Amino acid sequence: MSAMKFVVGEPKKLTLAFDEPKTGTNSYGMWYMYGFKNGDLSSEEDCFFATASLHTMIKTLGAGEGDEITIEKCQDGEITFFKVNGLTLNEMNSGGSAEKIAEASPTSQVDKLKARIKELESELSSYRDSKLTDADIPF
């Protein structure tokens with residue numbers, strides 16, 4: 001197990017492995033260790049440590065197990081900050097933030113699959129309702 005470090009200007013798309021991070025305290029204060037699923041089998045990275053503000057941003061978006069999020073470490077002069085799904089902490093706390101957060105919130109894999117099932121059921125229903133015969137179907 002190895003922790004990933006974020007590099008300024010390099011967004012990382014991650015799928016969270018758990019609903020909640022492991023937490024603890026050390027000489028630097030509170031820490032938040034998030035596990036993520038890594039599709040790159042050659043990499044040993046499978047977790048990252050979040051700052052308190054990054055943790056707050058992930059929770060604000062409602063991200064949990066199976067959700068895909070994009071985290072980017074940014075720098076403006078001397079100030080280093082994060083964006084999660086394109087939003088900064090300030091954007092999450094400013095006017096109109098509810099709409100921004102709703103747009104940036106990840107759709108869980110379960111919700112995506114449910115939506116796809118509805119699409120396929122609708123498509124199947126339209127085929128059943130059509131006047132096609134078995135001879136019209138190419139397979």
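Begin by selecting Cys47, which counts as buried because its relative accessibility is 3%, where buried means under 20% relative accessible area, exposed over 50% and partly exposed in between, with a 1.4 Å probe and protein chains only. This is a predicted model, in which local features need pLDDT of at least 70 and side-chain atom pairs count only at pLDDT 80 or more, while totals for chains, interfaces and linings use all residues. Residues are numbered from 1 along each chain as its sequence is written, and side-chain values use heavy atoms, with hydrogens and water left out.

Select Cys74 next, which is also buried, at 9% relative accessibility. With a disulfide taken as a pair of cysteine sulfur atoms within 2.5 Å, the count is 0 disulfides.

Now colour strand β6, residues 68-76; strands are DSSP runs of E of at least two residues, and helices are runs of H or I of at least four, numbered from the N terminus. Two strands pair if DSSP finds at least two bridges between them, and β6 runs antiparallel to β2 (residues 12-16), joined to it by 4 bridges. On this side, Thr15 lies opposite Glu68.

Strand β7 (residues 79-84) pairs with β6 over 6 bridges, again antiparallel, and here Glu72 faces Lys83 across the pairing. Follow the chain through the β6-β7 hairpin, where 2 residues lie between the strands and Gly77 in the turn has a positive phi of about 65°.

Finish at Ile137, in the segment after α4 (109-129), which counts as partly exposed at 35% relative accessibility.
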